[in-house]
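Okay, thanks everyone, let's get going.

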Amino acid sequence: MSTMEVGASPLPTTVPFAYDKRMMITSGRSSRELAAKIAAKLGVALTDPGLKKFSDGEVYCRFQESIRGADLFIIQSTCGNEREGLTANDALMELLVMVDAAVGASAHRVIAVTPWYGYSRQDKKSAPREPITARLVAKMLETAGIDRLLTLDLHAGQLQGFFQKPVDHMTALPVLTQYVKDQLAADGDLVIISPDAGRVKLTRKFAQKVEAPYALLEKERPAQQVAEIGYVIGDVKGKVAVIVDDIIDTGGTLAAAAQTVIDEGAKKVYALATHGIFSGNAFETLANSPLSGIVVTDTVPLREGAPDIIRQLTCADILTDSVRAIFTDDSVSEIFAGENQLF
Ligand code: R5P
């Protein structure tokens, strides 16, 4: 004779062994194209976050389908998008409201995918009474309810320490080094250039990958968004110089760096960076510089009117592999053979 406890549920009481998690991908307005590429590679339809902007500028979101129980990847670089009429601050706010809505809608895990982590340069007090805004953004994302962050080439690796939640810090290095090997190596003897002392470790790694020597520039910032390059440490004479940076914003650093290496006798100069923000007069500044070519990835959408010297590569494959690994709880460092902790 079978017995049943009084009040016991007639429904199964164990989680089915083959529990199927659901992966869902959505994006805010700063990263729609990149998100579409990632979703297509994963064979997942993009979930519509139902974003709106009210006439007073407030942003709103309501997911257009149930996300209950899903691992939701929200792809949103916190940068502006001119075509969408979006500022960097709008993009951040949009990301926060999407996270909040996802938590409230009972997603299983909410993963913020911010290929470009805005405010990352405000990572310490460089002068009294300054904010540490990169830390503030981390707190805001965690307060909104993210379970983890997936990002690419942070301005400083230490930014991971602003988060209590796990951070998957990926790098576009393989895409950029492959470009140098395939497209620039034939131009002559290469020298990889670090535009400032802070990037030497990354530059050394980059130089090893493309089997070239490296040199270093002495950079000063007399004021915010003003870059002055003093001199070159290393040999650039007669060489094809490749400046490697993480960010191109106003283009001031690169224009000054390119002029310095040409003055020091480099035959040609190129620049590569993960994040191409190109704010203000960056296009003009760079078009009038001695740079023969500039390569960035699509962590930030390229504004209209880019000069022909700018080329955009995609980092969709790296992010797709990372999203897949996070979803299946596999190792993300295997994507880079353990070499994603670069700096
Ligand atoms: C600075 O430390 C960064 O690595 C970049 O060099 C900088 O953000 C580039 O800014 P801009 O293009 O405005 O000179």
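I'll start with what surrounds the ligand and then move on to how some helices cross. Keep in mind as we go that this is a predicted model.

So, the ligand. How many residues surround it? The count is 15, and the closest are D245, D246, T250, G251 and T253.

Where does that shell come from, in terms of secondary structure? Three elements each supply at least two residues: strand β10, which is 214-223, strand β12, at 240-248, and helix α6, at 252-263. And which of them gives the most to the shell? That's β12, with 4 residues.

Now let's zoom in on some individual side chains. Take D246, which is already on our list of closest residues: an N or O atom in its side chain sits 2.6 Å from an oxygen atom of the ligand. T253 is on that list too, and its side chain also puts an N or O atom 2.6 Å from a ligand oxygen. Then there's R121, where the distance from a side-chain N or O atom to an oxygen of the ligand is 3.2 Å. As for how covered the ligand is, on its own it would expose 380 Å², and the protein buries 92% of that.

Okay, leaving the ligand, on to the helices. I've got two pairs for you.

Which hand does the crossing of α1 and α8 have, left or right? It's right-handed.

The second pair is α4, residues 173-184, and α5, residues 200-210. Here the axes come within 9 Å as well, and the crossing is at roughly 50 degrees. By that reasoning α4 and α5 are therefore oblique too, and their crossing is right-handed.

That's my tour, so over to you.

Note on methods. Residues are numbered from 1 along each chain as its sequence is written. This is a predicted model: local features need pLDDT of at least 70, side-chain atom pairs count only at pLDDT 80 or more; totals for chains, interfaces and linings use all residues. Side-chain values use heavy atoms; hydrogens and water are left out. A residue is near a molecule or strand if one of its heavy atoms lies within 4 Å of it. A polar contact is a pair of N or O atoms within 3.5 Å; within protein, one must be able to donate a hydrogen and the other to accept it, and residues adjacent in sequence count only if both atoms are side-chain atoms. Accessible areas come from the Shrake-Rupley method with a 1.4 Å probe; for residues, only the protein chains shown count as cover. A crossing is left-handed if the near helix is turned anticlockwise from the far one by less than a right angle, and right-handed if clockwise. Axes are lines fitted to C-alpha atoms, for helices over the stretch in contact, and angles run from 0 to 180 degrees between N-to-C directions. Angles under 35 degrees count as roughly parallel, over 145 as roughly antiparallel, 65 to 115 as roughly perpendicular and the rest as oblique.
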